[in-house]
Amino acid sequence: MKALVYEKFMGPLQVQNVPDPTPSPHSVVVKVSATGLCRSDWHGWVGHDPDIDLPHVPGHELAGTIEAIGKEVKNFKIGDRVTVPFVSGCGKCSECHSGNHQVCDNQRQPGFTHWGSFAEYVVLDYADINVVKLPDEIDDNTAAILGCRFITSFRAIVDQGKVSSGQWVAIHGCGGVGLSAIMIANSLGAQVIAIDINDETLDLSQAMGASYTFNASKSDHLVDEIRDLTNGGAHVSVDALGSQTTCFNSISNLRKRGKHIQVGLMTDEHQHPKVPMDRVLSDELEIIGSHGMQAFRYTEMLNMIQAGKLTPQNLIERTISLEQAADELPAMDEFQNHGVVVINRF
């Protein structure tokens, strides 16, 4: 099969012919129809993920059709259109038994623990627990962008943040995660504030449902401005980027008993950010992490998409080929895209 491969971290990416994958007893092989280009793939290419062995094929957001099935798989058949959350739970550990497959002790992640979906075929492990059948109404390009950014934002807003109508929600960083969070919070009736450093991105955030926008690069008193606008601070605030600044601002702009949701990955010098712990204590703030979403929670999200309450397809900026991804992935840290890029030509 054709696959996009890198043989060293931050090294060149090349389309190569590599062996086709075969399923283990509990896995399926999926012929990839579309796969999202995500900044998490960039983090892997840089070397931020200790699970990656070289040479490596990235890619973890995908949609496709099952081509082969392991002998222990019971819930799927060849020809099923499917997708998968980027974290596949084992179904046997204590976290999985509690329903929290997204933090499985033995989790598998395509594009990280094993070769991913920037290829014609990809293996999905623990298939019966993690693979999700796609309704006909949701096309491959749309389905491909659900498995990381959109589901992470859905769980952050719906399950972790418990956002409700009329609440103020601040989203710091309006990339794919942030734009998804804006759309989801708006669908629940929240008043959404988008914060970014790019005016074009902020314009797009309004199209996704943001009622107010702030360009953080043009404000010396961002937190005070947000607290003034909201008459005391946001009920829920999300760091959708993952930096010391966005994390600090997201916590600081909360009202009393507000919730900060950390979604953006914290790497390198951002791993241990400064936190306004005095306010966390005095105002009883909550700091909550959010890491993916379980496959069984897809039903509510897919129903909302089918009903037109959520329109993730509007996040797609453009589609590219596998060959083009070789140049696009290393450039992701330049934040040139204002929406989501999907690979759909192999």
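Predicted model: local features only at pLDDT ≥ 70, side-chain atom pairs only at ≥ 80, totals over all residues.

Visitor: At what angle do helix 5 and helix 11 cross?
Guide: Roughly 100°, and their axes come within 11 Å. Axes are lines fitted to C-alpha atoms, for helices over the stretch in contact, and angles run from 0 to 180 degrees between N-to-C directions.

Visitor: Which residues make the contact?
Guide: From helix 5, Leu146, Gly147, Phe150, Ile151, Phe154 and Val158. From helix 11, Tyr298, Glu300, Met301, Leu302, Met304 and Ile305. Contact means heavy atoms within 4.5 Å.

Visitor: How many of those are nonpolar?
Guide: 10 are nonpolar, one is polar and one is charged. Nonpolar covers Ala, Val, Leu, Ile, Met, Phe, Trp, Tyr, Cys and Pro; charged covers Asp, Glu, Lys and Arg; the others, Gly among them, are polar.

Visitor: New topic. What order do the strands take in the open sheet of six?
Guide: The order is 10-9-8-11-12-13, with parallel pairing. Strands pair if DSSP finds at least two bridges between them. Strand 10 (212–215) and strand 13 (286–289) are the edges, each pairing on one side only. The twist averages 20° from one strand to the next.

Visitor: Which strands of the sheet does helix 5 touch?
Guide: Strand 8 (168–172), strand 11 (234–239), strand 12 (254–262) and strand 13. The direction of helix 5 makes about 145° with that of strand 12.

Visitor: Why is strand 8 called largely enclosed?
Guide: Because five of its five residues are buried. Buried means under 20% relative accessible area, exposed over 50%, partly exposed in between (1.4 Å probe, protein chains only). Trp168, Ala170 and His172 point one way from strand 8, and Val169 and Ile171 the other way.

Visitor: What stands opposite histidine 172 in strand 9?
Guide: Isoleucine 195. Strand 8 and strand 9 pair in the parallel sense over five bridges. Isoleucine 195 also stands opposite phenylalanine 214 in strand 10.

Visitor: Okay, histidine 114. Where is it found?
Guide: In the loop between helix 2 (94–97) and strand 6 (121–124).

Visitor: Is histidine 114 buried or exposed?
Guide: Histidine 114 is buried, at 14% relative accessibility.

Visitor: Which side chains make polar contacts with the histidine 114 side chain?
Guide: Arginine 108 at 3.5 Å, and threonine 113 at 3.1 Å. A polar contact is a pair of N or O atoms within 3.5 Å; within protein, one must be able to donate a hydrogen and the other to accept it, and residues adjacent in sequence count only if both atoms are side-chain atoms.

Visitor: Last one. What does leucine 204 contact?
Guide: Leu179, His338 and Gly339, leaving aside neighbours within four places in sequence. Leucine 204 is in helix 7 (residues 199–207) and is partly exposed, at 23%.

Technical notes. Residues numbered from 1 in each chain as written. Heavy atoms only, no water. Helix = DSSP H or I, 4+ residues; strand = E, 2+ residues; numbered from the N terminus.
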